[in-house]
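The sequence and the model are shown first.

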Amino acid sequence: VQLQAYGGGLVQAGGSLRLSCVYSGRIFRINDMGWYRQAPGKQRDLVASITSDGTTEYVDSVQGRFTISRDNAKNTLILQMNSLKPEDTAVYYCKARLSPNPASPSADYWGKGTLVTVSS
C-alpha cells in the first residue's frame with residue numbers, strides 16, 4: 001500500500017491550495033482517512049478526517065476554511081484549503097487506516113508530506 005501526497009507550495013495569506021493524496025496497492029477496506037500537519041518544532045496534529053461513510057471532522061482552527069473529501073473512483077483523498085493563514089504553514093501528511101486483505105487487522109499507512117507555506 002502506498003500513499004502519495006502532493007499539491008503543497010507557497011501561497012499568500014488569504015489564498016487557496018488543494019492537496020491530493022493518491023493511494024494504491026492492495027486494499028481490502030478503508031476505515032477512515034485524514035490529513036495531519038506538522039509545523040517546525042511542533043508535533044504532528046490531526047487537521048481533518050473522513051470516515052468510510054463520509055462523516056467529516058475538523059480541528060477548530062480550520063473549520064469553515066478547509067474541506068476534506070474522497071474521490072473513490074480515483075483513489076484520492078483531497079483537502080481543499082481556503083483563506084489560508086500564516087499559521088497554516090506546515091508539512092501536511094495524509095493517513096489511511098485500512099486493511100490490505102480480509103485476514104489483516106486495520107493499520108495506519110502514511111504518505112510522505114507535502115510542504116505548505118503561507119506568507120503574510
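## Burial and overall dimensions

Of the 120 residues in the chain, 38% are buried. The model is a predicted one. The chain exposes about 6,500 Å², and carbon and sulfur atoms supply 47% of that area.

The radius of gyration is 14 Å, which agrees with the value near 14 Å for a compact globule of 120 residues. Taken along the principal axes, the box filled by the C-alpha atoms is roughly 50 × 25 × 25 Å.

## Secondary structure and contacts

The chain has 11 strands and 0 helices.

Among contacts in the chain with a separation of 6 or more, 55% are between residues 24 or more positions apart.

## The disulfide

The structure holds 1 disulfide. C21 and C94 form this link, with an S to S distance of 2.1 Å. The angle about the S-S bond is 60 degrees, and the link is right-handed. C21 belongs to strand β3 (residues 17-24) and C94 to strand β9 (residues 90-99), so the bond ties together parts that are 73 residues apart in sequence. Both cysteines, C21 and C94, are buried.

In soluble globular proteins, nonpolar side chains tend to be buried together. Here the largest nonpolar core has 29 residues, and W35, L79, M81 and Y92 are those with the most contacts inside it. At least two residues of this core come from each of β1 (2-6), β3, β4 (29-38), β5 (44-51), β7 (66-71), β8 (76-81), β9 and β11 (114-119). Strand β9 gives the most, with 5 residues.

Leaving aside neighbours within four places in sequence, K95 is in contact with L3, D32, M33, G34, Y36, D108, Y109 and W110.

T114 lies in strand β11 and is buried, at 10% relative accessibility. A polar atom of the T114 side chain lies 3.0 Å from the backbone nitrogen of G8. Not counting residues up to four places away in sequence, T114 touches A5, Y6, G7, G8, L19, A90, V91 and Y92.

P100 is in the loop between β9 and β10 (107-110). Which residues does P100 contact, leaving aside its neighbours within four places in sequence? They are V1, R26, I27, F28, P105 and Y109. The C-alpha atoms of P100 and I27 are separated by 4.2 Å, although these residues are 73 residues apart along the chain. P100 is buried, with a relative accessible area of 16%.

E87 is in the loop between β8 and β9. Its relative accessibility is 56%, so E87 counts as exposed, the limit being over 50%. The C-alpha atoms of E87 and Q38 are separated by 11 Å, and the two residues are 49 residues apart along the chain.

## Positive phi angles

Most residues other than glycine have a negative phi. N75 is not a glycine, yet it has a positive phi of about 50 degrees. N75 is in the loop between β7 and β8. With a relative accessible area of 33%, N75 is partly exposed.

S83 also is not a glycine and has a positive phi of about 50 degrees. The location of S83 is the loop between β8 and β9. S83 is partly exposed, with a relative accessible area of 39%.

Note on methods:
Residues numbered from 1 in each chain as written. Predicted model: local features only at pLDDT ≥ 70, side-chain atom pairs only at ≥ 80, totals over all residues. Heavy atoms only, no water. Disulfide = S-S within 2.5 Å. Helix = DSSP H or I, 4+ residues; strand = E, 2+ residues; numbered from the N terminus. Buried < 20%, exposed > 50% of the residue type's maximum accessible area, 1.4 Å probe, protein only. Core = buried A, V, L, I, M, F, W, Y, C linked by side-chain atoms within 4.5 Å. Contact = heavy atoms within 4.5 Å. Rg over C-alpha atoms; globule rule 2.2 N^0.38 Å. Areas by Shrake-Rupley, 256 points an atom, 1.4 Å probe, with all protein chains shown as cover. Polar contact = N/O pair within 3.5 Å; in protein donor to acceptor, adjacent residues only side chain to side chain.
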